[in-house]
Amino acid sequence: MDITVKKINALKGSIEIPADKSLTHRAFMFSSLTKGKCKISNYSKGADCLSTLEIIKQLGCTVNYINEKELIIDASKALTEPSMPLNCGNSGTTTRLMAGILAGQPFDCKLFGDESLSKRPMKRVIAPLELMGAKFIHNDFKLPIEIQGSQLHGIDYNSQLASAQVKSCILLAGLNAEGTTTYTEPYKSRNHTELMLEYMGANITTEGNKVSVQKSQLKPVDFKICGDISSAAFFIVAALIVPDSDIIIKNVGINKTRRGIIDILQKMNGDITLLNKRTIANEEIADIRVKYSNLKATTIQGSIIPALIDEIPVLTVAATQADGTTIIKDATDLRNKEADRITSVATELKKLGANIEEQPDGFIIQGKTELSGNCEIECYHDHRIAMSSFVAGLICKKPIKINQFQWVNISFPEFLNLMNNIISY
Ligand code: S3P
(Lines give C-alpha, C1' and ligand atoms only; values in the text may rest on other atoms or scores of the structure.)
Protein backbone atom coordinates (compact mmCIF):
# COMPACT_ATOMS: atom_id res chain seq x y z
CA MET A 1 0.00 0.00 0.00
CA ASP A 2 1.56 3.29 -1.14
CA ILE A 3 0.18 6.49 0.41
CA THR A 4 0.49 10.22 -0.20
CA VAL A 5 0.99 12.58 2.75
CA LYS A 6 0.50 16.33 2.44
CA LYS A 7 0.92 19.43 4.55
CA ILE A 8 -1.79 19.95 7.18
CA ASN A 9 -3.02 22.97 9.17
CA ALA A 10 -3.02 21.48 12.67
CA LEU A 11 -3.59 18.46 14.90
CA LYS A 12 -6.44 19.03 17.36
CA GLY A 13 -8.41 16.79 19.69
CA SER A 14 -8.04 13.78 21.90
CA ILE A 15 -7.11 10.18 21.08
CA GLU A 16 -6.45 6.91 22.87
CA ILE A 17 -3.34 5.02 21.76
CA PRO A 18 -3.54 1.21 21.36
CA ALA A 19 -1.90 -1.14 23.83
CA ASP A 20 1.83 -1.27 24.46
CA LYS A 21 3.66 -3.80 22.26
CA SER A 22 6.37 -4.69 24.81
CA LEU A 23 3.78 -5.25 27.55
CA THR A 24 1.48 -7.29 25.27
CA HIS A 25 4.31 -9.65 24.23
CA ARG A 26 5.18 -10.17 27.87
CA ALA A 27 1.58 -10.62 29.03
CA PHE A 28 1.03 -13.30 26.35
CA MET A 29 4.30 -15.14 27.08
CA PHE A 30 4.21 -14.92 30.87
CA SER A 31 0.56 -16.09 30.92
CA SER A 32 1.68 -19.22 29.09
CA LEU A 33 3.87 -20.10 32.09
CA THR A 34 1.22 -19.79 34.83
CA LYS A 35 -0.44 -23.24 34.66
CA GLY A 36 -3.67 -21.25 35.00
CA LYS A 37 -5.93 -18.74 33.23
CA CYS A 38 -5.09 -15.03 32.67
CA LYS A 39 -7.42 -12.36 31.30
CA ILE A 40 -5.72 -9.74 29.16
CA SER A 41 -7.56 -6.49 28.50
CA ASN A 42 -6.49 -4.03 25.79
CA TYR A 43 -3.80 -6.02 24.01
CA SER A 44 -1.82 -4.90 20.92
CA LYS A 45 -3.21 -6.20 17.63
CA GLY A 46 0.01 -5.45 15.77
CA ALA A 47 1.42 -8.33 13.71
CA ASP A 48 4.41 -8.71 16.09
CA CYS A 49 2.25 -9.48 19.13
CA LEU A 50 0.01 -11.75 17.08
CA SER A 51 3.16 -13.76 16.19
CA THR A 52 3.75 -14.29 19.91
CA LEU A 53 0.10 -15.27 20.47
CA GLU A 54 0.22 -17.84 17.64
CA ILE A 55 3.39 -19.36 19.11
CA ILE A 56 1.95 -19.84 22.59
CA LYS A 57 -1.08 -21.49 20.96
CA GLN A 58 1.27 -23.88 19.15
CA LEU A 59 2.83 -24.63 22.52
CA GLY A 60 -0.51 -25.81 23.89
CA CYS A 61 -2.25 -22.70 25.29
CA THR A 62 -5.89 -22.06 24.42
CA VAL A 63 -7.01 -18.51 23.64
CA ASN A 64 -10.63 -17.49 24.22
CA TYR A 65 -11.68 -14.12 22.79
CA ILE A 66 -14.23 -12.40 25.09
CA ASN A 67 -14.77 -9.28 22.97
CA GLU A 68 -12.77 -6.91 20.71
CA LYS A 69 -10.50 -5.84 23.54
CA GLU A 70 -10.25 -8.81 25.88
CA LEU A 71 -9.07 -12.39 25.75
CA ILE A 72 -8.31 -15.21 28.16
CA ILE A 73 -5.20 -17.36 27.85
CA ASP A 74 -5.76 -20.80 29.30
CA ALA A 75 -2.37 -22.29 30.16
CA SER A 76 -3.67 -24.91 32.58
CA LYS A 77 -1.37 -27.52 31.03
CA ALA A 78 2.43 -27.23 30.89
CA LEU A 79 3.89 -26.16 27.53
CA THR A 80 4.05 -29.02 25.04
CA GLU A 81 6.25 -29.82 22.03
CA PRO A 82 4.97 -27.95 18.93
CA SER A 83 4.19 -30.04 15.86
CA MET A 84 5.64 -27.42 13.48
CA PRO A 85 8.44 -24.80 13.46
CA LEU A 86 7.46 -21.59 15.27
CA ASN A 87 7.07 -18.47 13.10
CA CYS A 88 8.35 -15.27 14.76
CA GLY A 89 7.42 -13.16 11.70
CA ASN A 90 9.18 -9.77 11.90
CA SER A 91 9.45 -9.76 15.69
CA GLY A 92 12.80 -9.63 17.48
CA THR A 93 11.03 -9.51 20.86
CA THR A 94 9.17 -12.75 20.09
CA THR A 95 12.38 -14.51 19.01
CA ARG A 96 14.64 -13.40 21.83
CA LEU A 97 12.19 -13.73 24.73
CA MET A 98 10.77 -17.05 23.49
CA ALA A 99 14.35 -18.38 23.17
CA GLY A 100 14.72 -17.81 26.94
CA ILE A 101 11.47 -19.65 27.67
CA LEU A 102 12.11 -22.53 25.26
CA ALA A 103 15.77 -23.24 26.08
CA GLY A 104 14.82 -24.89 29.39
CA GLN A 105 11.76 -26.90 28.25
CA PRO A 106 11.79 -30.71 28.11
CA PHE A 107 11.33 -30.69 24.30
CA ASP A 108 12.99 -29.44 21.09
CA CYS A 109 11.64 -26.84 18.67
CA LYS A 110 12.64 -24.55 15.83
CA LEU A 111 12.23 -20.77 15.47
CA PHE A 112 12.14 -18.96 12.11
CA GLY A 113 11.19 -15.52 10.82
CA ASP A 114 10.79 -13.24 7.81
CA GLU A 115 13.61 -11.89 5.64
CA SER A 116 14.42 -8.92 7.91
CA LEU A 117 14.34 -10.96 11.14
CA SER A 118 16.52 -13.67 9.58
CA LYS A 119 19.31 -11.09 9.19
CA ARG A 120 19.21 -9.88 12.79
CA PRO A 121 21.85 -10.93 15.34
CA MET A 122 20.89 -13.66 17.82
CA LYS A 123 24.34 -14.28 19.33
CA ARG A 124 23.39 -11.78 22.05
CA VAL A 125 20.91 -14.34 23.44
CA ILE A 126 22.48 -17.60 22.26
CA ALA A 127 25.86 -16.93 23.95
CA PRO A 128 24.53 -16.33 27.50
CA LEU A 129 21.91 -19.08 27.18
CA GLU A 130 24.68 -21.53 26.21
CA LEU A 131 26.50 -20.52 29.39
CA MET A 132 23.34 -21.62 31.24
CA GLY A 133 23.51 -25.06 29.58
CA ALA A 134 21.18 -24.38 26.61
CA LYS A 135 21.77 -26.13 23.28
CA PHE A 136 21.16 -24.65 19.81
CA ILE A 137 21.72 -25.56 16.19
CA HIS A 138 22.15 -22.47 14.00
CA ASN A 139 24.06 -20.99 11.09
CA ASP A 140 26.09 -17.91 12.12
CA PHE A 141 23.72 -17.12 15.03
CA LYS A 142 20.84 -16.25 12.66
CA LEU A 143 17.32 -17.65 12.28
CA PRO A 144 16.23 -20.35 11.64
CA ILE A 145 17.46 -21.73 14.96
CA GLU A 146 16.81 -25.14 16.47
CA ILE A 147 16.52 -25.23 20.26
CA GLN A 148 17.25 -28.52 22.01
CA GLY A 149 15.46 -28.29 25.36
CA SER A 150 17.95 -28.73 28.24
CA GLN A 151 18.22 -28.51 32.01
CA LEU A 152 19.53 -24.98 32.71
CA HIS A 153 21.56 -23.59 35.61
CA GLY A 154 21.90 -20.00 36.81
CA ILE A 155 24.74 -17.67 35.75
CA ASP A 156 26.07 -14.28 36.79
CA TYR A 157 26.12 -12.43 33.47
CA ASN A 158 27.61 -9.00 32.74
CA SER A 159 26.12 -7.74 29.50
CA GLN A 160 27.93 -5.25 27.25
CA LEU A 161 24.58 -4.24 25.74
CA ALA A 162 21.72 -2.34 27.38
CA SER A 163 19.06 -4.54 25.79
CA ALA A 164 15.71 -5.38 27.40
CA GLN A 165 15.28 -8.26 25.00
CA VAL A 166 18.52 -9.91 26.11
CA LYS A 167 17.84 -9.17 29.79
CA SER A 168 14.30 -10.58 29.54
CA CYS A 169 15.53 -13.68 27.72
CA ILE A 170 18.02 -14.50 30.46
CA LEU A 171 15.56 -13.76 33.28
CA LEU A 172 12.93 -15.99 31.67
CA ALA A 173 15.49 -18.78 31.32
CA GLY A 174 16.40 -18.14 34.97
CA LEU A 175 12.80 -18.81 36.06
CA ASN A 176 13.36 -22.40 35.01
CA ALA A 177 17.05 -22.82 35.98
CA GLU A 178 18.72 -24.36 39.03
CA GLY A 179 20.24 -21.74 41.36
CA THR A 180 20.31 -17.96 40.96
CA THR A 181 20.51 -16.13 37.62
CA THR A 182 21.94 -12.61 37.79
CA TYR A 183 22.01 -10.17 34.90
CA THR A 184 23.85 -6.83 34.95
CA GLU A 185 23.56 -4.24 32.18
CA PRO A 186 25.65 -1.11 31.48
CA TYR A 187 22.60 1.22 31.41
CA LYS A 188 19.10 0.44 32.54
CA SER A 189 16.92 -0.85 29.69
CA ARG A 190 13.11 -1.03 29.91
CA ASN A 191 12.14 -2.93 33.08
CA HIS A 192 8.69 -4.29 32.14
CA THR A 193 9.85 -7.89 32.58
CA GLU A 194 11.08 -7.26 36.12
CA LEU A 195 7.88 -5.39 37.11
CA MET A 196 5.58 -7.98 35.57
CA LEU A 197 7.45 -10.99 36.97
CA GLU A 198 7.35 -9.41 40.44
CA TYR A 199 3.59 -8.77 40.02
CA MET A 200 3.18 -12.47 39.13
CA GLY A 201 4.98 -13.61 42.28
CA ALA A 202 8.42 -14.52 40.88
CA ASN A 203 11.41 -14.59 43.18
CA ILE A 204 13.11 -11.54 41.61
CA THR A 205 15.18 -8.68 43.03
CA THR A 206 16.60 -5.54 41.42
CA GLU A 207 19.50 -3.44 42.62
CA GLY A 208 20.49 -0.63 40.25
CA ASN A 209 21.34 -2.20 36.89
CA LYS A 210 21.56 -5.71 38.38
CA VAL A 211 18.58 -8.13 38.43
CA SER A 212 18.53 -11.59 40.05
CA VAL A 213 15.91 -14.29 39.67
CA GLN A 214 15.44 -17.77 41.09
CA LYS A 215 13.40 -20.71 39.89
CA SER A 216 9.78 -19.60 40.32
CA GLN A 217 6.25 -20.64 39.38
CA LEU A 218 4.33 -17.62 38.05
CA LYS A 219 0.82 -17.01 39.43
CA PRO A 220 -2.06 -16.43 37.01
CA VAL A 221 -3.10 -12.74 37.05
CA ASP A 222 -5.25 -10.40 34.95
CA PHE A 223 -3.53 -7.73 32.83
CA LYS A 224 -4.84 -4.34 31.79
CA ILE A 225 -2.37 -2.99 29.27
CA CYS A 226 -1.78 0.76 28.87
CA GLY A 227 -1.21 2.67 25.63
CA ASP A 228 2.18 2.40 23.92
CA ILE A 229 4.48 5.40 24.39
CA SER A 230 6.41 4.27 21.31
CA SER A 231 3.22 4.66 19.26
CA ALA A 232 2.26 7.90 21.06
CA ALA A 233 5.70 9.27 20.08
CA PHE A 234 4.58 9.84 16.46
CA PHE A 235 1.64 11.94 17.65
CA ILE A 236 3.75 13.81 20.21
CA VAL A 237 6.32 14.86 17.61
CA ALA A 238 3.64 15.64 15.01
CA ALA A 239 1.84 18.00 17.45
CA LEU A 240 5.11 19.70 18.42
CA ILE A 241 6.12 20.49 14.81
CA VAL A 242 2.77 21.32 13.13
CA PRO A 243 1.85 24.95 14.01
CA ASP A 244 -1.37 25.53 16.05
CA SER A 245 -1.55 21.89 17.22
CA ASP A 246 -2.93 21.00 20.64
CA ILE A 247 -3.76 17.36 21.41
CA ILE A 248 -4.33 15.01 24.35
CA ILE A 249 -3.16 11.41 24.15
CA LYS A 250 -4.93 9.33 26.79
CA ASN A 251 -3.78 6.35 28.84
CA VAL A 252 -0.11 6.15 27.86
CA GLY A 253 2.55 4.18 29.75
CA ILE A 254 5.19 6.56 31.13
CA ASN A 255 7.47 4.05 32.86
CA LYS A 256 10.76 5.90 33.60
CA THR A 257 12.73 3.37 31.54
CA ARG A 258 10.55 4.10 28.47
CA ARG A 259 9.78 7.81 28.58
CA GLY A 260 13.12 9.16 27.36
CA ILE A 261 11.26 10.72 24.40
CA ILE A 262 9.23 12.91 26.77
CA ASP A 263 12.23 13.90 28.89
CA ILE A 264 14.26 14.88 25.80
CA LEU A 265 11.47 16.74 24.01
CA GLN A 266 10.71 18.72 27.19
CA LYS A 267 14.41 19.59 27.36
CA MET A 268 14.12 20.71 23.72
CA ASN A 269 11.45 23.22 24.86
CA GLY A 270 8.53 21.00 23.88
CA ASP A 271 5.24 21.96 25.57
CA ILE A 272 4.32 18.51 26.96
CA THR A 273 2.30 18.06 30.16
CA LEU A 274 1.63 14.78 31.96
CA LEU A 275 -1.91 14.77 33.36
CA ASN A 276 -3.86 12.40 35.57
CA LYS A 277 -0.83 10.27 36.58
CA ARG A 278 -1.65 6.84 38.05
CA THR A 279 -0.09 3.38 38.54
CA ILE A 280 -1.63 0.09 37.35
CA ALA A 281 0.09 -3.28 37.96
CA ASN A 282 3.43 -1.61 38.75
CA GLU A 283 3.36 0.52 35.55
CA GLU A 284 3.02 4.35 35.61
CA ILE A 285 0.41 5.80 33.24
CA ALA A 286 -0.68 9.35 32.27
CA ASP A 287 -2.61 11.39 29.73
CA ILE A 288 -0.24 13.52 27.67
CA ARG A 289 -1.06 17.04 26.45
CA VAL A 290 1.14 18.35 23.63
CA LYS A 291 1.12 21.79 22.00
CA TYR A 292 3.07 23.18 19.05
CA SER A 293 6.45 24.49 20.28
CA ASN A 294 9.58 26.24 19.07
CA LEU A 295 12.03 23.38 19.58
CA LYS A 296 15.69 23.84 20.47
CA ALA A 297 18.52 21.44 19.60
CA THR A 298 20.12 19.14 22.17
CA THR A 299 22.57 16.26 22.56
CA ILE A 300 21.12 12.78 23.17
CA GLN A 301 23.61 10.18 24.42
CA GLY A 302 24.57 7.67 27.10
CA SER A 303 22.15 6.29 29.66
CA ILE A 304 19.01 7.85 28.12
CA ILE A 305 19.48 5.97 24.81
CA PRO A 306 17.79 2.69 25.92
CA ALA A 307 14.84 4.74 27.25
CA LEU A 308 14.13 6.13 23.77
CA ILE A 309 15.81 3.67 21.40
CA ASP A 310 12.66 3.00 19.33
CA GLU A 311 11.78 6.70 19.21
CA ILE A 312 15.04 7.86 17.59
CA PRO A 313 13.68 7.77 14.01
CA VAL A 314 10.85 10.18 14.92
CA LEU A 315 13.17 12.24 17.16
CA THR A 316 15.32 12.93 14.09
CA VAL A 317 12.24 14.45 12.46
CA ALA A 318 11.74 16.70 15.52
CA ALA A 319 15.45 17.63 15.36
CA THR A 320 15.06 18.95 11.78
CA GLN A 321 12.63 21.52 13.28
CA ALA A 322 14.79 22.45 16.30
CA ASP A 323 17.03 25.53 16.28
CA GLY A 324 20.69 24.53 16.37
CA THR A 325 22.67 21.28 16.13
CA THR A 326 21.15 18.09 17.54
CA ILE A 327 23.63 15.29 18.14
CA ILE A 328 22.48 11.70 18.69
CA LYS A 329 25.25 9.29 19.72
CA ASP A 330 25.86 5.93 21.51
CA ALA A 331 23.05 4.39 19.43
CA THR A 332 24.98 1.91 17.24
CA ASP A 333 22.43 -0.84 17.97
CA LEU A 334 19.97 1.12 15.79
CA ARG A 335 21.76 -0.59 12.90
CA ASN A 336 20.45 -3.97 14.18
CA LYS A 337 16.74 -3.09 14.31
CA GLU A 338 14.07 -4.04 11.74
CA ALA A 339 16.26 -2.05 9.30
CA ASP A 340 19.57 -0.24 9.71
CA ARG A 341 17.82 2.76 11.22
CA ILE A 342 20.88 5.03 10.95
CA THR A 343 21.50 4.72 7.22
CA SER A 344 17.84 4.46 6.25
CA VAL A 345 16.65 7.44 8.33
CA ALA A 346 19.50 9.66 7.09
CA THR A 347 18.88 8.63 3.46
CA GLU A 348 15.14 9.30 3.56
CA LEU A 349 15.31 12.56 5.55
CA LYS A 350 17.94 13.92 3.12
CA LYS A 351 15.48 13.26 0.28
CA LEU A 352 12.98 15.50 2.10
CA GLY A 353 15.54 18.32 2.33
CA ALA A 354 16.79 17.79 5.91
CA ASN A 355 20.34 18.68 6.92
CA ILE A 356 21.27 15.33 8.52
CA GLU A 357 24.63 13.58 8.65
CA GLU A 358 25.00 9.88 9.38
CA GLN A 359 27.53 8.93 12.10
CA PRO A 360 28.71 5.39 13.03
CA ASP A 361 26.60 5.56 16.22
CA GLY A 362 23.93 8.15 15.41
CA PHE A 363 23.34 11.47 13.64
CA ILE A 364 24.20 15.15 13.49
CA ILE A 365 21.19 17.24 12.48
CA GLN A 366 21.15 20.99 11.77
CA GLY A 367 17.87 22.86 12.20
CA LYS A 368 15.57 24.44 11.67
CA THR A 369 15.08 23.38 8.04
CA GLU A 370 12.01 23.79 5.90
CA LEU A 371 11.33 20.33 4.44
CA SER A 372 10.62 20.44 0.72
CA GLY A 373 9.08 16.98 0.16
CA ASN A 374 8.04 16.26 -3.44
CA CYS A 375 9.69 12.81 -3.43
CA GLU A 376 9.14 9.08 -2.86
CA ILE A 377 10.07 7.59 0.52
CA GLU A 378 11.00 3.95 1.20
CA CYS A 379 10.11 2.15 4.46
CA TYR A 380 12.83 -0.55 4.40
CA HIS A 381 10.25 -3.07 5.74
CA ASP A 382 10.32 -1.01 8.96
CA HIS A 383 7.13 0.17 10.70
CA ARG A 384 8.83 2.99 12.60
CA ILE A 385 10.47 4.43 9.48
CA ALA A 386 7.06 4.36 7.78
CA MET A 387 5.41 6.33 10.62
CA SER A 388 8.32 8.76 11.11
CA SER A 389 8.21 9.59 7.40
CA PHE A 390 4.46 10.19 7.67
CA VAL A 391 5.07 12.71 10.48
CA ALA A 392 7.72 14.50 8.38
CA GLY A 393 5.27 14.58 5.45
CA LEU A 394 2.80 16.63 7.53
CA ILE A 395 5.12 19.66 7.35
CA CYS A 396 6.64 19.24 3.87
CA LYS A 397 5.96 22.05 1.36
CA LYS A 398 4.96 19.55 -1.34
CA PRO A 399 3.27 16.13 -0.86
CA ILE A 400 5.37 12.99 -0.43
CA LYS A 401 4.61 9.41 -1.47
CA ILE A 402 5.46 6.67 1.06
CA ASN A 403 5.91 3.27 -0.57
CA GLN A 404 4.75 0.08 1.18
CA PHE A 405 3.19 1.92 4.11
CA GLN A 406 1.51 -1.38 5.14
CA TRP A 407 4.59 -2.08 7.28
CA VAL A 408 2.84 0.11 9.86
CA ASN A 409 0.76 -2.99 10.71
CA ILE A 410 3.70 -4.56 12.53
CA SER A 411 3.03 -2.43 15.61
CA PHE A 412 0.24 0.04 14.89
CA PRO A 413 -2.52 -0.99 12.43
CA GLU A 414 -4.76 1.81 13.79
CA PHE A 415 -2.22 4.59 12.93
CA LEU A 416 -3.88 6.13 9.84
CA ASN A 417 -7.39 6.11 11.35
CA LEU A 418 -6.21 7.80 14.54
CA MET A 419 -4.18 10.39 12.61
CA ASN A 420 -7.16 11.17 10.36
CA ASN A 421 -9.32 11.72 13.48
CA ILE A 422 -7.21 14.66 14.66
CA ILE A 423 -5.82 16.17 11.45
CA SER A 424 -7.33 19.41 10.14
CA TYR A 425 -6.38 20.44 6.57
C1 S3P B 1 12.06 -4.31 23.30
C2 S3P B 1 13.35 -3.92 23.52
C3 S3P B 1 14.12 -3.09 22.57
C4 S3P B 1 13.22 -2.41 21.56
C5 S3P B 1 12.19 -3.35 20.98
C6 S3P B 1 11.31 -3.92 22.09
C7 S3P B 1 11.38 -5.14 24.31
O8 S3P B 1 15.03 -3.92 21.87
O9 S3P B 1 13.99 -1.87 20.51
O10 S3P B 1 11.37 -2.68 20.05
O11 S3P B 1 10.14 -5.25 24.28
O12 S3P B 1 12.08 -5.69 25.16
P13 S3P B 1 16.52 -4.22 22.41
O14 S3P B 1 16.40 -4.98 23.66
O15 S3P B 1 17.14 -5.03 21.31
O16 S3P B 1 17.16 -2.88 22.58
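Biologist: Why does the largest pocket lie between domain 1 and domain 2?

Modeller: Rolling a probe the size of a water molecule over the atoms shows where empty space is left. Here, domain 1 (3-10 + 255-266 + 294-424) and domain 2 (21-224) both contribute lining residues, so the largest pocket lies between them. The domain bounds come from an automatic or database domain assignment. On a 1 Å grid over the protein atoms alone, a pocket is an open set of points where a 1.4 Å probe fits, with protein on both sides within 12 Å along at least five of seven lines; lining residues have an atom within 4 Å of a point.

Modeller: Before we go on, this is a predicted model: local features need pLDDT of at least 70, side-chain atom pairs count only at pLDDT 80 or more, and totals for chains, interfaces and linings use all residues. Residues are numbered from 1 along each chain as its sequence is written, and side-chain values use heavy atoms, leaving out hydrogens and water.

Biologist: Which residues lie nearest the centre of the largest pocket?

Modeller: Ala162, Ser163, Ile309, Asp333 and Lys337 do, out of 36 lining residues. That lining divides into 9 nonpolar, 12 polar and 15 charged residues. Asp, Glu, Lys and Arg count as charged; Ala, Val, Leu, Ile, Met, Phe, Trp, Tyr, Cys and Pro as nonpolar; the others, Gly among them, as polar. The pocket holds about 600 Å³ of space, a volume being the space filled by probe spheres set on the points, which are joined across faces, edges and corners.

Biologist: And how much space lies in the second largest pocket?

Modeller: About 330 Å³. Its 18 lining residues include Leu33, Lys35, Gln105, Asn176 and Gln217, the closest to its centre. Its lining has 10 nonpolar, 6 polar and 2 charged residues.

Biologist: Now the backbone: which peptide bonds here are cis?

Modeller: Most residues other than glycine have a negative phi, and most peptide bonds are trans. In this model, the bond from Leu143 to Pro144 is cis, with omega near 0°, and the bond from Gly367 to Lys368 is cis too. Lys368 sits in the loop between β23 (362-367) and β24 (376-377); strands are DSSP runs (E, at least two residues), numbered from the N terminus.

Definitions and conventions:
Helix = DSSP H or I, 4+ residues; strand = E, 2+ residues; numbered from the N terminus.
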